[in-house]
Amino acid sequence: MTVSFTLTPEQEQLKAAARGFARDHLRDLAVAVRAEQGPLARALLFRPTFERAVAAGFLKGFIPTPFGGRASSGVDAAIFVEEWAAESPDFVISMAGPLIALMPVYEVGTPQQIERFVAPFLADSGAPLATMAYSEPEGSANFAAEGPGLGVRTTAEPDGDEWVINGRKAWASHLCGWDGDGPDVMTIVCRTPGGISLIVAEREHLAGRIEVEEYYDLPGLKGALTTRVRLRDVRVPRANLLGEEGQGVQLTRNAFFPSGASIGIFAVAAMRQAFDVAYRFALTETRGGPVPIIEYQAVSDVLADAKGRIEAVRLLSWRALDAVMSMHPSGPELALHAKVFGSRTGVDVITELLGIVGVTAYDEEFPIVRHLMDALSYPVIEGSNVGVRRRQLQALLTTPGYDPLAASGMA
Ligand SMILES: Cc1cc2nc3c(=O)[nH]c(=O)nc-3n(C[C@H](O)[C@H](O)[C@H](O)COP(=O)(O)OP(=O)(O)OC[C@H]3O[C@@H](n4cnc5c(N)ncnc54)[C@H](O)[C@@H]3O)c2cc1C
């Protein structure tokens, strides 16, 4: 098989279409969202554009081709996410719910479950939402812990043909949906008599059963709708259990690999925008001196280092998404590195770029600090680096027979 990093004609087309949509529909929207007061009002501003993106077929870009979507390769997904996230990462996060919530459906869903739960996201109209309800207000890094008061607290009790779900969930995008009655599909990590399990609740089960306790007012990713909610007596058919009872821990970890790898691309998008601003500033601004500041070695060093690190994170993330989406055994390890290395590098690079712009960068109207506010989220979302992702890397490193060359294919 040939390895090539040159985009195919189809990928060039995808890039142009994604960039065109982002320029025409996301750029001004992002400005309007930042100007809006209140997290719910900001999130609702996305809806008309969300509907336009669905009508244009972009939602299918989050669904793998074997399940009726258009996500044919990890590199395609990376190109698409980078172009949109460069203009509005919060819009991408709002739309990308299926990337996590449907992963366990693909992995262990019955043919009937796959057909039913994926169908809303193959539609060409509306603004369908999927949510992976894993995080809880009391913590989620130790969600698999067993013992009184430990780990997942949300419960699902069997009652005849139904599960009755009670508990509190937090942070996941669109837990309350557009209107408080929930998303179309919510994959809920919960405790059943047989252990930690995943159960899908659909909108018809969630309506009237979600109480929003708080809308989080985020410092970046302003339009991403994250809340803390209580689920009260959500009744779901027993047939909506994914896989077996007790399979929930592994399914949850697996569900977050593609989105974890994509965090590297979100970081690239933020770095690329910040680089563009800092580079143009350095080329044109003299700040009262005799030459543009790029003529100073200290300034150009920062730009050169930033550019190198952006390229490195992009390539690592392409590789990770490619491996994850093709179910290659190296997928989990590469996805973890793309998440941890990509998110840390994003914060470091943008902070240094701010440094060469100087005090002007600290004006919210100057278009650079907003990228740092977005990037600051990447180490702590999709499983924080400290509490979740590095522990997963430690588990890999301590697996008997671990081969450090295997992930790269160089063993
Ligand atoms: C915009 C946005 C979107 C999100 N989307 C989703 C989503 O779709 N679905 C979802 O469920 N969640 C979502 N989240 C939440 C996100 O995935 C968090 O990463 C997740 O809740 C885990 O948080 P945490 O690792 O900080 O865990 P916590 O349990 O809150 O832990 C807090 C900290 O304690 C320390 N810690 C705890 N235990 C250990 C340990 N055993 N070892 C080492 N350190 C430890 C770590 O420093 C850790 O970061 C989202 C958050 C945001 C902001």
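**Exercise 1. Find which element gives the most residues to the shell around the ligand, then work out where the ligand shell lies among the domains.**

*Solution.* Start with the elements: helix α14 gives the most to the shell around the ligand, with four residues. Keep in mind as you look that this is a predicted model.

Next, widen the view. At least two shell residues each come from β1 (130-133), β3 (162-173) and α14 (385-397). Of the 26 residues around the ligand, those that come nearest are Y134, G139, A172, S384 and G387. Sorted by class, the shell has 14 nonpolar, 10 polar and two charged residues.

Now place the shell. Both domain 2 (130-246) and domain 3 (249-397) give residues to it, so the shell lies between these two domains.

**Exercise 2. Describe how domain 2 and domain 3 meet.**

Now count the contacts: 12 residues of domain 2 are in contact with 11 residues of domain 3. On the domain 2 side of this meeting, the residues divide into 10 nonpolar, two polar and no charged.

**Exercise 3. Decide how α4 is oriented against α11: roughly parallel, roughly antiparallel, roughly perpendicular or oblique?**

*Solution.* Begin with the geometry. The axes of α4 (residues 74-87) and α11 (residues 297-325) come within 7 Å and cross at roughly 130°. Compare this with the cut-offs: over 145 degrees counts as roughly antiparallel, and 65 to 115 as roughly perpendicular. The angle therefore makes α4 oblique to α11. As for handedness, the crossing of these two helices is right-handed.

Finally, look at who touches whom. From α4 come G74, V75, A77 and A78, and from α11 come S317, W318, L321, D322, A323, V324 and M325. This contact has eight nonpolar residues, two polar and one charged.

Methods
Residues numbered from 1 in each chain as written. Predicted model: local features only at pLDDT ≥ 70, side-chain atom pairs only at ≥ 80, totals over all residues. Contact = placed C-beta atoms within 7 Å. Nonpolar A, V, L, I, M, F, W, Y, C, P; charged D, E, K, R; others polar. Axes fitted to C-alpha atoms, helices over the stretch in contact; angles between N-to-C directions. Parallel < 35°, antiparallel > 145°, perpendicular 65-115°, else oblique. Left-handed = near helix turned anticlockwise from the far one by under 90°. Near = placed C-beta within 6 Å. Domains from an automatic or database assignment.
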